[in-house]
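Subject: Structure handover

Hello,

Here is the structure for your files. Notes on what was found in it follow below.

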Amino acid sequence: MESQIKQIQTEFTADLAKVNSQSELDAIFLKYLGKKGSTTNILKSLQGLTLQDKKLYGPILNKLKTSQESAIKAKSKELENRKTGKLEDDLTIPGTVRSTGHLHPTTIVIRELNSFFRYHGFSVQDGPEIEDVEYNFRRLNLPEGHPATDLQDTLFVKEPQWLMRTQTSSIEARVLEKYQPPMRVVVPGKVYRNETNSATNTSFFHHYQGFVVDKNINIQNLKEILTKVHQFLFGKAVVLRFRYKYYPEVSPGMGVDMQCQFCKGKGCTVCKYRGWIETLGSGIIHYNTMKASKIDPDIYTGYAFGMGLDRLVMNKFGIPDIRKLYGGELVYA
Amino acid sequence: MKIPLKWLSDYVKTDKSPREIAASFTQLGLMLDKPLDDSGVLDLEHRMDRSDWLSIIGCARDLAAFEKTKLIYPTTNSQPLPQITPSEMIEIKVETPTVRRFATRIVKGVKVGESPAWLKDKLEAYGIRSINNVVDITNYVMVEYGQPLHAQDLAQLKKREITLRKAKKGESITTILGTTVNLDSDTDLLTSGGVPTVIMGVVGGAHTSVSNTTTDLILDSGNYDQSIIRKTSRRLKIINETVSRCDKFLSPKLCEIALDRATYLLQELCGAQVYENYDYYPHPIKPTEYKLTYSRLAKISGLSLPTSTIKSILTSLEYVITGENKDHLTVTAPYFRTDIEVEDDLIADILRINNYANLPTSPLSTPVPADITPTILTFEERLRDLLVNQGTIEQITTPLVQSNNDPKQIVLSNALSTDQNALRTSMVPKLQEIITNYSKHKINSVLIFEIGKTFSVGTRNASPVYSEHRELSVVSSDTAHNSLATLLNSLGITYSIDNTHNIIINGEPCGQLNHNYYVLLTEKLLVYSQPYSRIVSNFSHSTTRDLSLLVPQTLSYADITTALNTHTFSYQSVACKSYTKLSKLNNYLLTFTWDQTTDVDAQVKEILALLKTKLNIDSKS
C-alpha cells in the first residue's frame with residue numbers, strides 16, 4: 001500500500017511538471033482524480049481493507065487527494081497568469097505609483113518647527129490677521145512717526161488704526177496681555193507687507209515667531225534655543241554668527257546669520273557674495289513692551305525671536321519663485 | 001551708511017584689514033550690507049534707530065570702543081567768536097512749533113573756489129559730488145558729524161532777517177536741483193522778506209545758494225521735529241542726505257558742534273571771518289541720568305562681568321559715570337544717544353561692545369509651563385490629515401484679491417496694485433483657477449483644499465466691523481459631495497443637505513455644498529466632531545432592504561428624509577443608492593438598514609404608507 005501511494009505521488013508530480021496547457025492539465029485531473037483515476041481507485045480500495053488499515057491509510061489517502069487537488073488548482077492559476085502576463089509575476093518590474101494627497105510645503109515646515117518647539121515645552125498660538133495698530137506697533141515699542149516704521153511697508157485696512165499685520169509679533173503682544181507668565185509660545189502665521197511682487201518678495205508671506213517669559217530668562221538662553229533650532233533645520237555642522245541688531249520690540253536685540261552652506265562663507269550667488277545668510281531676528285523682550293502688557297519686568301524677563309519662513313521652505317523644496325509657492329503651481333512628482 | 005575707509009582712519013587707528021573692520025562693525029550693530037569690493041568703502045546697514053550712526057565719527061566711536069582703542073576727534077574751532085555787529089545782524093524769527101534749535105553764524109570775506117583734493121576725495125568716496133569749497137564743507141561736516149548745515153548767500157536775502165514759518169497757499173520755491181516745488185501749509189520754510197528760501201530740513205533753494213560770486217553768507221544748523229520732517233519729505237517725495245538725518249531724532253547739541261567744525265574749516269580753507277549771530281534754542285535738552293544695576297546686567301546676560309570692564313565700555317561710548325556703589329552705577333547718557341530709553345539699552349551697549357560671540361549658551365531650567373494651544377489649531381491639523389488621506393492636495397493661496405464691488409468685501413486703503421487691493425470673502429475662486437490650471441496641464445481627476453481665513457466687513461453704530469472666518473474649502477475637478485461625506489464620516493459627524501444646499505449639522509448650517517466644491521466653518525466642525533473614528537469591535541449583522549420609489553419631480557432627497565424624520569422608525573440608517581430621471585417622475589433607490597432582529601416587513605409597510613400619505617410617493621415594485 002505504501003509503495004503504491006508513493007508511486008502515485010511520484011508519477012503525479014512528474015506528470016504535473018510537464019503540463020503546459022489547460023487541456024493537458026484536464027487530462028492529468030482525469031488520470032488521477034477522475035472517475036477512473038488512480039488516486040480515486042486507491043481511495044475506493046480502502047473499503048476492502050481491515051479496520052486497522054482503514055484507520056491508518058484513510059487519512060494518508062485523503063491527504064494525497066487534497067494535495068493533488070490544490071496542486072492542480074495552483075497550476076491552473078499559473079497557466080492563466082502565463083496567458084495574461086501579469087506584471088507582478090516579474091517582480092523585477094517596478095510597481096505603479098498611486099497618486100496620494102499632499103500637504104503644502106509651508107505646512108510641512110511649520111509642523112516640523114512646531115514639533116521641535118513642542119518638544120521644548122512651547123504652546124502654539126494664533127490671532128487676528130486684521131490687526132489694531134496698538135498690537136502691531138505701539139505695544140512693540142514703536143510709537144507713531146518712529147523712523148523704524150520705515151523698515152516695514154504697511155498695508156492699511158483703515159488708516160490709522162486698522163491694518164494687515166506686518167509681523168506675527170502682534171500676536172506676541174496679545175498673548176503677553178492675555179496670559180500670565182510663565183509662558184513659552186510659538187506663532188506660525190501669515191503676514192502682509194505693501195510690496196510689489198517678484199520672485200523673492202510678495203505682499204503676503206509667512207513668519208514664525210516664538211517667545212518665552214519666565215523668571216531669570218537671559219540672553220544665553222536665547223542663544224541656546226536659537227543654536228538648537230538652526231541645528232535642527234540645517235544640521236549639526238551649521239556655522240552661526242550672533243550679532244547686535246536693532247529691533248524696536250527687544251533690547252538687547254540680536255541678529256543671527258548662518259554661514260552659506262554652498263560656499264562655506266567665501267561668497268557666491270546663493271548668498272549674494274556676503275558669505276552669510278540672515279536667518280532670524282531676536283532679543284530680550286523690551287522693558288516697555290513688558291510694562292505695556294502689565295508684566296512686571298523686575299520679576300520676569302523674556303526673549304523673543306522671529307523668522308521669515310518662505311525662503312526656508314523654498315530652499316528645502318527647491319522652489320525658486322515664491323509666487324509659485326502660493327500660486328497653486330506646485331506639481332508633486 | 002557708507003564708510004570710506006580712508007575717511008574712517010582719520011578718527012580710529014587700526015591694523016585690521018577691511019574684512020576684519022567690516023566684521024567688527026557687523027558684530028556691534030552695523031552689518032556689512034553689500035559685499036566688500038576694492039572701492040575702499042564699507043556699505044553698512046542702518047536700522048533707523050541710531051541718528052548718531054549716520055555720521056563717520058559716530059560709527060568710528062563704536063568701532064574704537066569695540067577695538068578698545070582711542071577715538072580721535074578732528075580739529076575744531078575752540079575760540080569764542082566775535083558777535084556780529086547789530087547793523088549786520090540777521091534777525092531770526094521762529095513762527096512754527098517744529099523748531100527745537102536754529103543756530104546761526106555769519107561768515108564774511110569768503111573766497112569761494114575749488115576744494116582741496118583731500119576734501120573732494122572723501123566726499124566723492126562717500127558719494128557726494130564736489131560743488132565748491134563752501135558747499136563741500138557743509139556736506140563734509142554733515143557726513144562727518146551727522147548734523148546737516150546750510151549756507152545762504154547774504155546778498156540774496158531779501159531782508160536782513162530769516163523767518164521760519166509754515167508755507168502759505170500758493171507759495172512755491174525752486175530748489176537747488178532746479179525743480180519748482182508747490183508748497184502746502186503743512187510744510188515748514190526758511191523765508192526772508194516773505195520769500196521762501198529753503199524747505200526746512202529738506203532741501204535748499206536755488207536763489208540763496210552759494211555761488212562763485214558769494215562773499216558773505218549765513219551758516220545755519222537746525223534741529224527740527226523729526227516726525228514732521230519725515231512727513232513733509234515723504235509728501236514732497238524728496239529724499240536726500242539732509243532728510244535722512246533730519247527725519248531721525250538728532251541731538252540739538254550737535255548744532256553747535258557742527259558749527260564749530262565748519263567754522264574751523266571755513267577759516268582754514270576759505271580765508272573767512274566767522275561771527276556769532278543768533279542761536280534760537282528756547283528749551284535746552286538736559287542730559288538724562290540712568291542707573292545701571294549690576295544685578296539686572298547679570299540677570300539679562302547671565303554673566304558676571306568685572307566692574308572695570310563695565311565702566312571702561314561705558315566710558316568708551318562716552319557715558320559719564322556720575323556715581324557708583326556696590327549695587328549700581330549712575331551714568332549720564334551721551335548727548336548724541338537720542339535712542340536710549342531704559343536701563344536695558346545700557347545693558348545692550350555693554351553686551352554688544354563685549355561682543356555677542358563671547359556669550360555662552362545656557363538651556364532653560366524652569367519647569368515647562370501649561371499648554372495654552374487653542375484646540376482649533378490642533379483640530380485644523382487633523383482636518384488636513386484627513387483630507388490628505390482622501391488624496392486631496394493642500395493649497396495655500398494669497399488672501400489678497402482684486403476688489404469686486406461686494407459691499408461685504410474689505411478693500412485696503414493703500415494697496416500698491418489694483419489686483420491685490422482687497423481681502424478675499426471666499427477661497428473658492430482662486431482654488432477653481434488652480435483646478436483650471438491643472439487641467440490645462442493635463443492633470444485631471446483632482447481634489448484640492450485650503451484651510452485659512454476669509455474676511456468680511458459689516459457695520460455696527462455706523463462704524464465698520466471687520467470679521468475673520470476660519471474656513472475649509474475643498475474644490476474638485478469633478479464632484480465634491482463624496483469627499484464631504486467621507487470627511488464628515490471620519491469626524492463622526494452626522495449631517496444633511498437642505499434644499500438651499502447648506503450643510504446642516506445638529507440643526508445648524510455649518511457650510512455650503514456645490515457641485516464641485518464645498519465650504520465648511522472649521523470652528524463649528526470642532527464643536528460637533530468626535531475625537532476618534534468610531535471603532536466597533538464586533539462585526540455587525542444587519543438586514544438591508546432596497547425600496548425603489550417614484551418621486552414627484554418637485555421633491556428632493558432632503559424632502560424624503562425630512563418626511564421620514566417626522567416618525568420614529570427603527571432603521572439604523574438610510575442611504576440613496578441611485579437616482580434616475582424618468583419622463584414624469586424621479587426614481588430614487590433607497591437602501592434601509594436594520595439591526596438583524598427587527599421585523600423588517602412591518603417597517604417597510606409603515607415607511608411606504610408614510611411616504612404615500614405625506615408626499616404622494618409610490619413604490620415602483
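Chain B has a mean pLDDT of 95, and 100% of its residues reach 70 or more; pLDDT is the predictor's confidence in each residue, from 0 to 100. For the complex, the predictor gives an ipTM of 0.90 and a pTM of 0.86.

This is a predicted model, in which local features need pLDDT of at least 70 and side-chain atom pairs count only at pLDDT 80 or more, while totals for chains, interfaces and linings use all residues. Residues are numbered from 1 along each chain as its sequence is written, and chains are lettered from A and ligands numbered from 1 in the order in which they are written.

Interface

On the chain B side, 71 residues are in contact with 64 residues of chain A (contact: C-beta atoms, placed from the backbone, within 7 Å). Helix 11 (residues 343-353) of chain B gives the most to this side, with six residues (helices are DSSP runs of H or I, at least four residues, numbered from the N terminus). By class, the side of chain B that touches chain A has 34 nonpolar, 22 polar and 15 charged residues. Ala, Val, Leu, Ile, Met, Phe, Trp, Tyr, Cys and Pro count as nonpolar, Asp, Glu, Lys and Arg as charged, and the others, Gly among them, as polar.

Helix pairs in chain B

The axes of helix 4 (residues 117-126) of chain B and helix 5 (residues 133-145) of chain B come within 10 Å and cross at roughly 55 degrees. Axes are lines fitted to C-alpha atoms, for helices over the stretch in contact, and angles run from 0 to 180 degrees between N-to-C directions. Helix 4 of chain B and helix 5 of chain B are therefore oblique to each other (under 35 degrees is roughly parallel, over 145 roughly antiparallel, 65 to 115 roughly perpendicular, the rest oblique). Leu119(B), Lys122(B), Leu123(B) and Tyr126(B) of helix 4 of chain B make the contact with Asp136(B), Asn139(B), Tyr140(B) and Val143(B) of helix 5 of chain B. That contact has five nonpolar, one polar and two charged residues.

For helix 16 (residues 557-564) and helix 17 (residues 600-615) of chain B, the axes come within 10 Å and cross at roughly 115 degrees, which makes the two helices roughly perpendicular. Here Asp559(B), Ile560(B) and Ala563(B) in helix 16 of chain B meet Leu610(B), Leu611(B), Lys614(B) and Leu615(B) in helix 17 of chain B. By class, five residues in this contact are nonpolar, none polar and two charged.

Regards

Methods. Contact = placed C-beta atoms within 7 Å.
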